[in-house]
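Trainee: I would like to learn how to read the features of a structure. Could you take me through one, step by step?

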Amino acid sequence: MNEPNLHTPQRVRSEKTQANLYEATCKLMHEYGYEYLTVQNICSLAGVTTGAFYHHFHGKDDILRLYLNKDYDAYIENLNVQLPEDPLTRLTELCVLYAAHNEANGLDFLTNYYSTKNRSLNTIGLRPEEMYASSNYRARYDALVAAKEAGLLPGDTDVITLNEDICSLTKGVFFDWCLSRGGFDLTARIRRLVDRFMSTYRVERGE
């Protein structure tokens with residue numbers, strides 16, 4: 001019996017194209033380095049047109065955000081991290097882990113990614129569900145919610161705004177690290193500043 005000549009649905013073709021573009025980005029980043037990460041090279045390796053690329057992504061920064069988020073998930077899975085139960089301590093560790101992952105991608109990548117021209121870095125005014133593409137953002141948000149429910153944060157704390165503030169703080173450290181050409185211990189500074197910042201909010205048990 002001959003196999004039917006089935007037409008591939010548009011959604012399936014679209015998902016396959018996006019997957020091919022992502023895989024091409026990973027290959028270029030891991031095997032060639034950031035300088036090879038151009039839209040033209042990504043499309044050439046993925047076997048798609050630039051028109052198809054821009055149908056799925058606004059630009060290179062957009063696909064790099066997808067790369068950074070997915071690569072972070074794989075990074076955490078490989079580390080088999082056991083996070084602290086205390087939600088605010090967990091929050092700090094999440095920030096440190098994200099910094100370590102950023103550092104692992106290299107100075108050239110971060111210097112080009114953390115640019116004022118990269119609009120995908122903006123988190124101001126976005127709802128949590130809009131940021132859930134980033135598992136780190138979601139995990140930090142969940143840790144803040146858990147801290148508030150446990151009485152470790154003041155009852156009137158706006159966790160969305162607080163998470164935005166943490167994003168601003170950590171991005172500032174990443175920018176400084178890039179400007180200094182990796183001139184300080186990135187994870188140590190993230191840990192110190194996030195801990196100090198959150199100590200102004202933490203409500204000690206029994207107060």
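**Rings, charges and a pocket**

Mentor: Tyr-113 has a relative accessible area of 3%, so Tyr-113 counts as buried. Keep in mind that the model is predicted.

Trainee: Is Tyr-114 buried or exposed?

Mentor: Tyr-114 is buried as well, because its relative accessible area is 5%, and the cut-off for buried is under 20%.

Trainee: How many aromatic pairs are there?

Mentor: The count is 11 aromatic pairs. One of them joins Phe-53 and Tyr-54, with 5.1 Å from centre to centre and 80° between the planes, which is edge-to-face. Phe-53 is buried at a relative accessible area of 0%, whereas Tyr-54 is partly exposed at 46%. Tyr-113 and Tyr-114 also make an edge-to-face pair, with centres 5.3 Å apart and planes at 85°.

Trainee: Which residues form one aromatic cluster?

Mentor: The cluster consists of Tyr-67, Tyr-72, Tyr-98, Phe-109, Tyr-113, Tyr-114, Phe-174 and Phe-175.

Trainee: Rings can also be read together with charges. Where does the charged end of Lys-70 sit?

Mentor: The charged end of Lys-70 lies over the ring of Tyr-22, at 4.7 Å from the ring centre. For Arg-189, the charged end is placed over the ring of Phe-184, and the distance to that centre is 3.7 Å.

Trainee: Next, charges that meet other charges. How many salt bridges does the structure hold?

Mentor: To read one, look for a side-chain nitrogen of Lys or Arg within 4 Å of a carboxyl oxygen of Asp or Glu. The structure has five salt bridges. In one of them, Glu-31 pairs with Lys-27, and their closest N and O atoms are 2.9 Å apart.

Trainee: Where do Glu-31 and Lys-27 lie?

Mentor: Both belong to helix 1 (residues 10-31), and they are four residues apart, about one turn of the helix. Glu-31 counts as exposed, at 52% relative accessibility. Lys-27 counts as partly exposed, at 33%.

Trainee: What distance goes with the salt bridge of Glu-93 and Arg-191?

Mentor: Their side chains meet at 2.3 Å, N to O. This pair links distant parts of the chain, since Glu-93 is in helix 5 (residues 87-104) and Arg-191 in helix 10 (residues 186-199), 98 residues apart. Arg-191 is partly exposed, with a relative accessible area of 33%.

Trainee: And which residue forms a salt bridge with Asp-108?

Mentor: Arg-181 does, with an N to O distance of 3.8 Å. Asp-108 is in helix 6 (residues 107-113), while Arg-181 is in the loop between helix 9 (159-179) and helix 10, so the pair ties together parts 73 residues apart in sequence. Asp-108 is partly exposed, at a relative accessible area of 44%.

Trainee: My last topic is empty space. What shows where empty space is left?

Mentor: The general idea is to roll a probe the size of a water molecule over the atoms. In this structure, the second largest pocket has a volume of about 150 Å³.

Trainee: Which residues line the second largest pocket?

Mentor: The lining includes Ser-115, Thr-116, Asn-118, Arg-119, Leu-121, Asn-122 and Thr-123. Ile-124, Ser-168, Lys-171 and Phe-175 also line this pocket. Phe-175 is a member of the aromatic cluster too.

Key. Residues numbered from 1 in each chain as written. Predicted model: local features only at pLDDT ≥ 70, side-chain atom pairs only at ≥ 80, totals over all residues. Heavy atoms only, no water. 1 Å grid on protein atoms, 1.4 Å probe; cavity = no way out; pocket = protein on both sides within 12 Å on 5 of 7 lines; lining within 4 Å. Points joined across faces, edges and corners; volume = space filled by probe spheres on them. Helix = DSSP H or I, 4+ residues; strand = E, 2+ residues; numbered from the N terminus. Buried < 20%, exposed > 50% of the residue type's maximum accessible area, 1.4 Å probe, protein only. Phe/Tyr/Trp six-rings, centres within 6.5 Å; stacked < 30°, edge-to-face > 60°. Lys NZ or Arg CZ within 6 Å of the ring centre and 35° of its normal.
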